[in-house]
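Subject: Structure for your review

Dear colleague,

Please find below the structure that I am handing over to you. My notes on what was found in it follow directly after.

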Amino acid sequence: MATVATLREAPLSNPTVTPAPRGIGANTLTAIVAALLALAYSASFWRNLVAADLPGGLRGALFLLAAFAVLFVANGLLLSFVAWRGLQKPALALVLVLSASAAYFMDGYGAVVDRHALQSVLETDLREGSEWLSWSMAGYLAVLGLLPALLLWKLPVRYRPWPRELAARAGFMLALLAVLGLAVLPFTREFSSTARNHAELRHLATPTNLVNAVRGYLKHAAPSAPVVVTPLGADARGGSRYGVRKPLLMVIVVGESARVDSFSLAGYPRETNPELAKIAPVFFPNVSSCGTNTATSLPCMFSDLGRGGYDESDARGRENLLDVIAHAGLQVEWEDNNTGSKGVAARQREESMAKLPAAVPCDADGCQDERLVEHLRDELAVPGTGDKVFVLHQIGSHGPAYFKRYPKPFERFTPTCQSVALQDCSQEEIRNSYDNTILYTDHVLAALIRLLEQEAGDRTPALLYLSDHGESTGEHGLYLHGAPYALAPEEQTRVPMLLWTSPEFLRWRGLDAACLQSRRTQPLSHDNFFHTVLGLLDVQTTAYQPGLDALAACAPA
């Protein structure tokens with residue numbers, strides 16, 4: 001009995017049960033985020049792909065499924081490199097927030113994400129950057145960025161010991177490559193044709209477009225160690241071949257985001273140039289820009305490399321037009337009402353209107369372009385006898401805050417868009433706001449010309465205006481600028497140029513006014529700017545190419 005009692009009292013011995021590990025695996029999390037990025041964050045990619053020439057019927061539907069597989073695989077392979085304990089969650093959270101930001105600009109403005117767009121973002125200032133802030137942007141960042149990142153952070157994830165995790169990662173990536181092969185092989189013709197005819201698609205798939213943008217920026221445009229700047233035009237001599245003259249005064253106005261299609265001087269039906277029409281400068285309506293954003297076009301137009309030979313790193317290590325003019329003995333000053341000269345005036349005097357004491361037309365958001373007129377008036381009041389070149393860099397028609405670019409009296413075309421979230425405005429409102437900026441630019445240029453006519457003093461004045469690039473205001477679903485040049489519409493690449501010369505300048509330089517008018521419609525580009533300015537100033541140097549001087553045929557040899 002005692003034995004039985006003992007047996008009854010003895011505890012039952014059960015084997016130890018190991019609780020199942022909580023959470024999902026690292027590869028599963030990678031797959032989920034990869035699929036999410038391919039769908040929710042790449043809406044612009046899908047809109048453009050569906051609008052492309054796809055096969056019809058079932059094959060078209062299967063091709064779209066195969067395209068999703070390609071995006072999923074690309075994202076999965078990319079994210080697999082950060083799928084490690086302690087790194088995966090913060091890395092994926094950062095990718096989600098950055099992808100949400102990219103999606104906002106792609107979906108809202110029809111923008112693409114490439115190295116030029118990244119360069120523009122990195123080179124902007126706080127004032128310009130703050131103009132992009134809107135409730136629409138906040139909504140994108142909250143719904144597609146912060147909320148998924150928070151959920152990700154709270155999600156339990158299990159990781160194996162690193163040898164097993166490494167083996168699992170390798171197997172996962174091999175599986176992805178197998179999926180890629182199965183997706184692409186049946187549709188090689190469609191993929192080849194789509195990639196060739198719709199190259200913009202690679203700039204619309206997030207986050208691979210972000211990675212490619214960073215890679216391209218680091219290769220072509222990122223600041224590098226100081227280099228020895230190669231001299232250019234060191235043999236330059238100031239013009240004196242055309243007799244005794246008063247000191248030269250050349251004003252070069254660099255426009256911002258002004259497109260030729262919105263200038264009534266070029267035939268636009270709206271009267272956007274009423275003041276310039278009365279002055280009647282020589283207007284050149286057939287000029288192409290070097291790039292579609294300021295970071296590219298501005299240094300390119302002042303370089304002698306031309307669009308075909310232009311490279312950011314080469315341009316930084318080489319003197320430019322302003323240096324050649326300075327070598328010829330002319331004084332050069334850069335007066336800026338934008339985000340700086342992008343290094344063009346690195347060896348000249350450069351002043352920012354926002355940093356100079358001023359009242360109207362400046363406020364906490366910066367200055368309107370009439371500040372350049374007032375500053376030039378102050379500069380002309382300073383006694384001097386030397387030849388001088390002023391470069392005035394406008395804020396012009398820079399978007400999306402068009403409504404901030406002009407004073408209220410110039411709000412002639414209404415209703416206007418009073419928001420930086422252009423997707424919240426009608427195309428009519430956007431176009432009206434943009435046209436008001438051109439109307440104001442017309443006033444600023446006319447005011448500068450009147451200033452030169454009245455207060456140039458004992459000088460021989462002339463003014464040359466040329467915009468850095470154009471602007472899209474909703475045509476083809478695109479807004480603003482910065483599209484890849486090969487894909488950019490004419491709204492972003494055709495820019496206005498005009499020349500005004502005083503009678504004294506015209507006589508001294510021997511320019512044939514009738515010839516200038518007859519040749520104003522000739523095809524030109526930013527490549528001509530460098531040599532045209534040197535020709536106008538009669539700067540004699542081996543860097544000057546008469547064949548690229550737009551006005552050479554109208555001047556004595």
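Leaving aside its neighbours within four places in sequence, with which residues is Asn27 in contact? The contacts of Asn27 are with Ala168, Arg169 and Phe172, once the neighbours within four places in sequence are set aside. Please bear in mind throughout that this is a predicted model.

Asn27 and its helix

Asn27 belongs to helix H2. Its relative accessibility is 14%, so Asn27 counts as buried. A further value concerns Trp334, which lies 307 residues from Asn27 along the chain: the C-alpha atoms of these two residues are separated by 55 Å.

The axes of H2 and helix H9 (residues 162-184) cross at roughly 35° and come within 10 Å. On the side of H2, the contact is made by Ala26, Asn27, Thr30 and Ala31, and on the side of H9 by Glu165, Ala168, Arg169 and Phe172. By type, the residues of this contact of H2 with H9 comprise four nonpolar, two polar and two charged.

Helix H2 against helix H4

Helix H2 (residues 26-40) also packs with helix H4 (residues 57-80), at an angle of about 130° and with the axes 8 Å apart. H2 and H4 are therefore oblique to each other. The crossing in which H2 passes H4 is right-handed. H2 contributes Thr30, Ala31, Val33, Ala34, Ala35, Leu37, Ala38 and Leu39 to the contact, while H4 contributes Phe68, Leu71, Phe72, Asn75, Gly76, Leu79 and Ser80. Of the residues in the contact of H2 with H4, eleven are nonpolar, four are polar and none is charged.

Helix H3

Which residues of helix H3 (residues 43-51) are buried? They are Ser44, Phe45, Trp46 and Leu49. The elements that cover these buried residues of H3 include H2 and H4, together with helix H5 (88-109) and helix H10 (188-197).

Helix H17 against helix H18

Helix H17 (residues 370-380) and helix H18 (residues 427-455) pack with their axes 9 Å apart and at an angle of about 10°. As angles under 35 degrees count as roughly parallel, H17 is roughly parallel to H18. From H17, the residues that make the contact are Glu370, Val373, Leu376, Arg377 and Leu380. From H18, they are Tyr440, His443, Val444, Ala447, Leu448, Leu451, Leu452 and Glu455. The residues of the contact of H17 with H18 fall into nine nonpolar, one polar and three charged.

Disulfides

How many disulfides does a search of the whole structure find? The search finds four. With bonded cysteines counted along the chain, the disulfides follow the pattern 1-2, 3-4, 5-6, 7-8. Details of some of these links are set out below.

- Cys362 and Cys367 are joined by a disulfide, with 2.0 Å from S to S. The torsion about their S-S bond is about 105°, so this disulfide is right-handed. Cys367 has a relative accessible area of 9% and is buried.

- Cys417 and Cys425 form a disulfide, with 2.1 Å from S to S. The link of Cys417 and Cys425 has 65° about the S-S bond and is right-handed. Both cysteines are buried: the relative accessible area of Cys417 is 2%, and the relative accessibility of Cys425 is 15%.

- Cys515 and Cys554 are joined by a disulfide, with 2.0 Å from S to S. The link of Cys515 and Cys554 has -70° about the S-S bond and is left-handed. Cys515 lies in helix H21 (residues 513-518) and Cys554 in the segment after helix H22 (527-536), so the pair ties together parts that are 39 residues apart in sequence. Cys515 is buried, with a relative accessible area of 15%, and Cys554 also counts as buried, at 4% relative accessibility.

Where to begin

With kind regards

Notes
Residues numbered from 1 in each chain as written. Predicted model: local features only at pLDDT ≥ 70, side-chain atom pairs only at ≥ 80, totals over all residues. Heavy atoms only, no water. Axes fitted to C-alpha atoms, helices over the stretch in contact; angles between N-to-C directions. Helix = DSSP H or I, 4+ residues; strand = E, 2+ residues; numbered from the N terminus. Parallel < 35°, antiparallel > 145°, perpendicular 65-115°, else oblique. Left-handed = near helix turned anticlockwise from the far one by under 90°. Contact = heavy atoms within 4.5 Å. Nonpolar A, V, L, I, M, F, W, Y, C, P; charged D, E, K, R; others polar. Disulfide = S-S within 2.5 Å. Buried < 20%, exposed > 50% of the residue type's maximum accessible area, 1.4 Å probe, protein only.
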